[in-house]
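Dear colleague,

I am passing this structure on to you, together with some notes on what was found in it. Please look it over first and then read the notes beside it.

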Amino acid sequence: MKFHVKNVKETIPNDNITIVAATKYFTTDEMRELYKEGIHDFGENRDDAFLSKYPELQDLDITWHFIGTLQTKKVKKVIDKISYLHSLDNLKLAEEIDKRRETPLKCFLQVNISNEDSKHGLNIDEVLPFLQSVQVYKNIDIIGFMGMAEFTKDETVIHQEFQKLNDLQTLIYQELGIQYNELSIGMSNDYQIALEHGATFLRLGSVLFSKEV
Ligand SMILES: *Cc1c(COP(=O)(O)O)cnc(C)c1O
């Protein structure tokens, strides 16, 4: 596998944007390659894969993110090993994390912004009440929103979907006086559009490598 980290970084103008490599594509040896090329943030989306990779990479100074659906019953094993959760979308999960974490966990609220049917993510109109309810959990530190745009070549659709999160940032500021500046949006096919909408964390997989030697 040949990586293009340098080329990808050249397309990202701002040093304050964190590239989180989506590790579902990579073996731990490949992750070591990526690490050498300057990627130190890794995001896994399955608990079993995470739990097998994590101990093998203990010698590296990795910041671990969990970017996929986390089942409540898997929280106990995973939660003290990660620094960020990108997929918080229900109160049961928040309650379990609050119980199991020693210190506050940085979380993105996952919001369903695409018109595709998805079981994951809060609907836009559920976000305000969720934020009000989640305040009781001292070990949940909401830092912003995560969203996935529809997989389409139509850039207008992608713009409209990311814009929903910008509108939500404004609404929440008006209603609660809290400015959520972090945004986990942008994958390989749409990260340039995500940057126009204020992305601060890009979750990138396929754009980092190519199969040809
Ligand atoms: C796989 C994955 C990504 C990255 O996907 P690419 O399109 O290959 O960049 C981002 N976010 C999540 C939640 C993923 O599962």
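Is Thr28 buried or exposed? Thr28 is buried, because its relative accessible area is 13%, where buried means under 20% relative accessible area, exposed means over 50%, and partly exposed lies in between, with a 1.4 Å probe and protein chains only.

Before going further, please keep in mind that this is a predicted model, in which local features need pLDDT of at least 70 and side-chain atom pairs count only at pLDDT 80 or more, while totals for chains, interfaces and linings use all residues. Residues are numbered from 1 along each chain as its sequence is written, and side-chain values use heavy atoms, with hydrogens and water left out.

To return to Thr28, its place is in helix H2, residues 28–36 (helices are DSSP runs of H or I with at least four residues, strands are runs of E with at least two, and both are numbered from the N terminus). Beyond its neighbours within four places in sequence, Thr28 is in contact with Lys53, Glu56 and Leu57, contact meaning heavy atoms within 4.5 Å. Ser52 counts as partly exposed, because its relative accessibility is 40%.

The ligand comes next. The residues that surround the ligand include Ala22, Lys24, Tyr25, Asn45, Met148, Ser188 and Arg203, each having a heavy atom within 4 Å of it. An N or O atom in the side chain of Tyr25 is 2.6 Å from an oxygen atom of the ligand, and a polar side-chain atom of Ser188 lies 2.5 Å from an oxygen atom of the ligand. In the side chain of Arg203, an N or O atom is 2.9 Å from a nitrogen atom of the ligand. Taken alone, the ligand exposes 390 Å², of which the protein buries 90%, with areas taken from the Shrake-Rupley method and a 1.4 Å probe.

Glu161 lies in helix H7, residues 155–176, and counts as buried because its relative accessibility is 1%. Leaving out residues up to four places away in sequence, Glu161 touches Ile113, Ser114, Asn115, Ala149 and Glu150. With Glu150 there is also a polar contact, as the side chain of Glu161 reaches the backbone nitrogen of Glu150 at 2.6 Å (a polar contact is a pair of N or O atoms within 3.5 Å; within protein, one must be able to donate a hydrogen and the other to accept it, and residues adjacent in sequence count only if both atoms are side-chain atoms).

His120 is found in the loop between strand S6 (105–110) and helix H6 (127–134), and it is partly exposed, because its relative accessible area is 30%. Not counting residues up to four places away in sequence, His120 touches Thr69, Asp89, Gln110 and Asn112, and a polar contact of 3.3 Å joins the side chains of His120 and Thr69.

Finally, Lys6 has its place in helix H1, residues 5–10, and counts as exposed because its relative accessibility is 62%. Lys6 and Val207 are 201 residues apart in sequence, while their C-alpha atoms are 11 Å apart in space.
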